[in-house]
Amino acid sequence: MTDGPLFLATLRLADDALVLGHRLSEWCGHAPVLEEDLALANLGLDLIGQARSLYSYAGTVEGRGRDEDQLAYLRREGEYRNLLLVEQPNGDFAVTMTRQLLFSAFMHPFHVAMKASSDPTLAAIAAKAEKEMAYHVRHTGEWLIRLGDGTAESHRRAQAALDELWPYSGELFEVDEAMRAAIEAGFVPDPEAIRPRFDETIDHVLAEATLNKPKVGAFQAGGRAGRHSEHMGFLLADLQYMQRTYPNATW
Amino acid sequence: MTTQNWPLWEVFIRSRNGMAHRHVGSLHAVDAPMALQAARDTYTRRGEGLSIWVVPSQAITASDPADKDMLFEPTASKIYRHPTFYEVPDDVGHM
């Protein structure tokens, strides 16, 4: 594998957006109320839109003729480079909201910083995504505050969701060799520079929500290297079904 | 959680600067900030607006349909309130 850091950095961002966007799309028709059904579909479409731009650009950077569809639908599980966090199942509503908050509390400042990328295309994608992620932070934060500071049952579930997903948040800050090269080339920001903003958002929401930040010794990681949780295969089976059954189908 | 305890809100959207907010529909939400977000996701998905108002439906006092005759019908016979019989020069456009 001789893929350059620009390709890998772009592909990782694309995989995060696609997989989480797909998870949100699973709520379509199942959300607790109609208003939230539309809201979750909106958030999902934001992410899938970002994934399209990123895959399309990754295909150009790679230069092997793969387009966005081939990158999204025709790779094997081990070739996906998304965070373990985004592939975790929807669970109950509190799990979905917590997963989305952890991701967007990181990705919003990440895109703000990536507007200054040395790569003009990534900078342009970040400029669009920044506004979308700002709304994701607000929407999911407000929900988590109401769930945490709501009834005894909603508080219990929100805390359980946070306890379950928190161990996956460390991977947001993981920097391996490929990532280090991308940071040094100025393509993407250093996650460490994002950490204060992430902590600020999370601490604010958790305080309002009367939830406790879990104490975790070790974090779960592996997604960036293509080692996924047992949920990923099922997700891809669903996501890739159409393209694999009817190759090159268009509509 | 059920929706039966969630209050109903009326949503008003201003499509452009200089226009008035127009009623576009209603929705259920637990409180005003969540109603605003639900309004954004429900009613502005195709670039409909620049500004949203949400108003608790309870805060609206509406006329009784039974009062229709008393309230509205008398205006129909007052043609001087409907000056459609003046010649308006083409250059004036819509008045």
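Where is Thr210(A) found in chain A? Thr210(A) sits in the loop between helix 9 (191–209) and helix 10 (231–245) of chain A; helices (H or I, at least four residues) and strands (E, at least two) are DSSP runs, numbered from the N terminus. This is a predicted model, in which local features need pLDDT of at least 70, side-chain atom pairs count only at pLDDT 80 or more, and totals for chains, interfaces and linings use all residues. Residues are numbered from 1 along each chain as its sequence is written, chains are lettered from A and ligands numbered from 1 in the order in which they are written, and side-chain values use heavy atoms, with hydrogens and water left out.

Most residues other than glycine have a negative phi. Thr210(A) is not a glycine, yet its phi is positive, at about 55°. With a relative accessible area of 41%, Thr210(A) is partly exposed; buried means under 20% relative accessible area, exposed over 50%, and partly exposed in between (1.4 Å probe, protein chains only). Asn248(A) also has a positive phi, about 65°, without being a glycine. Asn248(A) turns up in the segment after helix 10 of chain A, and counts as exposed because its relative accessible area is 65%.

Next come two residues tucked away from the surface. Thr10(A), in helix 1 (residues 5–25) of chain A, is buried, with a relative accessible area of 0%. Its side chain reaches the backbone oxygen of Leu6(A) at 2.7 Å. Setting aside residues up to four places away in sequence, Thr10(A) touches Leu54(A), Tyr57(A), Ala58(A) and Leu122(A), where contact means heavy atoms within 4.5 Å. Met232(A) belongs to helix 10 of chain A and is likewise buried, at 0% relative accessibility. Apart from neighbours within four places in sequence, Met232(A) is in contact with Val19(A), Glu77(A), Tyr80(A), Asn82(A) and Glu87(A). Between the C-alpha atoms of Met232(A) and Ala161(A), which are 71 residues apart along the chain, the separation is 19 Å.

Now for the charged pairs. Side chains of opposite charge can pair when their charged atoms come close. Over all chains, the structure holds 19 salt bridges (a salt bridge is a side-chain nitrogen of Lys or Arg within 4 Å of a carboxyl oxygen of Asp or Glu). One of them joins Glu26(A) to Arg23(A), with the closest N and O atoms 3.0 Å apart. Glu26(A) is partly exposed at 27% relative accessibility, whereas Arg23(A) is buried at 6%. Another links Glu142(A) and Arg146(A) at 2.6 Å, N to O. Those two residues both lie in helix 6 (residues 120–148) of chain A, 4 residues apart, or about one turn of the helix. Asp203(A) and Lys213(A) meet in a salt bridge too, at 2.9 Å, N to O. Asp203(A) lies in helix 9 of chain A and Lys213(A) in the loop between helix 9 and helix 10, so this pair ties together parts that are 10 residues apart in sequence. Asp203(A) is partly exposed at 38% relative accessibility, and Lys213(A) is partly exposed at 32%. Elsewhere, salt bridges that share partners join Asp92(A), Glu153(A), Arg156(A) and Arg157(A) into one network.

What about the place where the chains meet? Chain B and chain A bury about 1400 Å² between them, 59% of it on carbon and sulfur atoms; buried area is the accessible area (1.4 Å probe) that two parts lose on being put together, summed over both. Met34(B), Gln37(B) and Asp41(B) supply 39% of the area that chain B buries against chain A, more than any other three residues. In all, the contact takes 15 residues from chain B and 12 residues from chain A. Between the two chains there is 1 salt bridge: Arg146(A) pairs with Asp31(B), and the closest N and O atoms are 2.7 Å apart. On the side of chain B that touches chain A, strand 2 (22–28) and helix 1 (32–43) of chain B are the elements giving two or more residues. Helix 1 of chain B gives the most, with 7 residues.

Finally, Tyr80(B) lies in the segment after helix 2 (68–72) of chain B and counts as exposed, at 61% relative accessibility.

Technical notes: Polar contact = N/O pair within 3.5 Å; in protein donor to acceptor, adjacent residues only side chain to side chain.
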